[in-house]
Amino acid sequence: MLHTEYERISKRYEQLVSQNNQITEWGNGIYERFANPVLTREHIPPFWRYDLNSETNPFFMERLGVNSVFNSGAIKLGDKYFLLARIEGVDRKSFFGVAESTSPTQGFRFWNKPVELPDIYPEEIDVYDIRLTRHEDGWIYGTFCSESRDKESGSTSGAFAQCGIVRTKDLRTWERLPNLKTIHSPQQRNVVIHPEFVCGKYAFYTRPMASFSGLQSGEGIGFGLCDEITNPVVDEEIIISPLRFHTVYEVKNGAGVVPIRTDYGWIHIAHGVRGTAAGRRYVLYAFATDLKEPWRTIAEPGGYLIAPMMGERVGDCSNVVFTNGSIDDDDGNVYIYYASSDTRLHVAKTNKKRLIDFVFNTPEDALRSPDCVKQRLALIERNLELLSEIKKPE
């Protein structure tokens with residue numbers, strides 16, 4: 001017998017999914033934030049969480065609870081917007097679910113069932129943070145972290161990370177490919193497949209790692225080529241966005257969304273991490289690489305693009321924003337889907353013109369305080385001169 005509480009919780013669910021999402025008053029000219037998250041754990045259908053049978057669940061308890069819904073791949077197919085979200089159960093295991101909407105900023109509903117990836121690696125314990133690349137070969141590729149236990153560490157928290165790869169045509173049927181092998185870096189996370197062939201090969205943006213969380217000199221966002229996607233091996237990784245002291249990416253960084261193609265170059269939106277007295281702080285930053293030589297960086301605006309604000313700063317891992325999905329829409333608008341504090345998923349709206357302006361016209365990080373002051377003084381002086389011209393009597 002269907003539990004009497006189901007109607008009440010279904011009504012609350014419908015109200016949440018159907019609510020309008022408005023642009024906030026805050027703005028910086030680069031993008032607009034929206035007031036509500038586009039996905040939270042409350043967006044998970046009740047029948048994913050509750051046993052609806054009143055006899056087997058008389059107190060209407062959550063039998064398989066959800067802790068958070070966050071880091072999401074994103075793609076537009078036809079006139080529909082799709083988010084392939086990371087869903088973390090209360091047992092800490094993550095899996096993927098497809099949420100669909102006719103709007104890029106609201107109304108996302110999960111399909112009836114989560115994604116069931118082909119299970120070809122028995123040692124794989126967890127999967128998360130998938131990126132979706134619509135490749136010119138006709139496939140949609142998903143790259144995600146395939147995590148297993150690092151038995152050699154001797155610790156119950158020791159982890160080993162690799163890049164898992166799947167491909168699909170419709171987000172329903174998934175083919176699992178072998179995990180990526182990078183010859184010179186034992187572990188990988190935050191891997192993105194470039195949407196076009198480069199020199200006739202598949203191209204990967206990587207994050208070379210000697211250990212799951214350890215750091216080593218020379219790390220950063222890498223670039224490498226692969227001859228065959230069904231046997232993915234990268235022999236050489238070129239660092240295109242290195243770590244730098246006293247920047248927003250001094251501790252860690254990693255590729256975020258699939259690069260956005262513009263007439264001026266590929267625009268990348270990545271995450272950067274710095275250390276603070278309260279722990280590590282994650283922000284998003286941008287840079288551009290050459291259209292024909294995407295391993296060559298041609299623009300690096302200083303500072304961050306998006307940082308956690310107000311309520312975004314609180315969650316399972318506080319003071320964090322992270323992205324692994326964006327949609328470059330047909331009308332020139334760009335939607336950046338970013339998670340806050342490993343808890344919920346938000347969206348920011350911009351367009352290609354504004355992104356190009358930001359990436360190519362924002363000053364680079366001067367790297368030293370005296371030089372940063374000179375940058376700001378030059379801006380102030382230009383503005384004061386302009387203001388004085390406006391105030392001159394006729």
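In the predicted model, Phe 108 is in contact with Val 17, Val 38, Leu 39, His 43, Tyr 81, Phe 82, Leu 83, Ala 99, Glu 100, Ser 101, Ser 103 and Tyr 337, residues up to four places away in sequence being excluded. Phe 108 also belongs to the largest nonpolar core, which has 22 residues. Two or more core residues are contributed by each of β3 (66–77), β4 (80–89), β25 (333–340) and β26 (344–351). Another core, of 21 residues, lies apart from it and includes Ile 267, Ile 336, Ile 356 and Phe 358. In soluble globular proteins, nonpolar side chains tend to be buried together.

Ile 9, Ser 10, Tyr 13 and Val 17 of α1 are buried. Viewed down the axis of α1, the buried residues fall within an arc of 105° and therefore line one face of the helix. These buried residues pack against α2 (46–49) and β6 (109–110), whereas the face turned away from the buried side carries the exposed residues Glu 7, Lys 11 and Gln 15.

An open sheet is formed by four strands in the order β7-β8-β9-β10, with antiparallel pairing. Because β7 (124–134) and β10 (175–177) each have a single partner strand, one side of each is left without a neighbour in the sheet. Neighbouring strands of this sheet are turned by 30° against each other on average, direction ignored. The antiparallel pairing of β7 with β8 (residues 140–149) extends over eight bridges, and Leu 132 stands opposite Gly 142 in β8.

Technical notes:
Residues numbered from 1 in each chain as written. Predicted model: local features only at pLDDT ≥ 70, side-chain atom pairs only at ≥ 80, totals over all residues. Heavy atoms only, no water. Core = buried A, V, L, I, M, F, W, Y, C linked by side-chain atoms within 4.5 Å. Buried < 20%, exposed > 50% of the residue type's maximum accessible area, 1.4 Å probe, protein only. Contact = heavy atoms within 4.5 Å. Pairing = 2+ DSSP bridges. Axes fitted to C-alpha atoms, helices over the stretch in contact; angles between N-to-C directions. Arc of directions from axis to C-beta.
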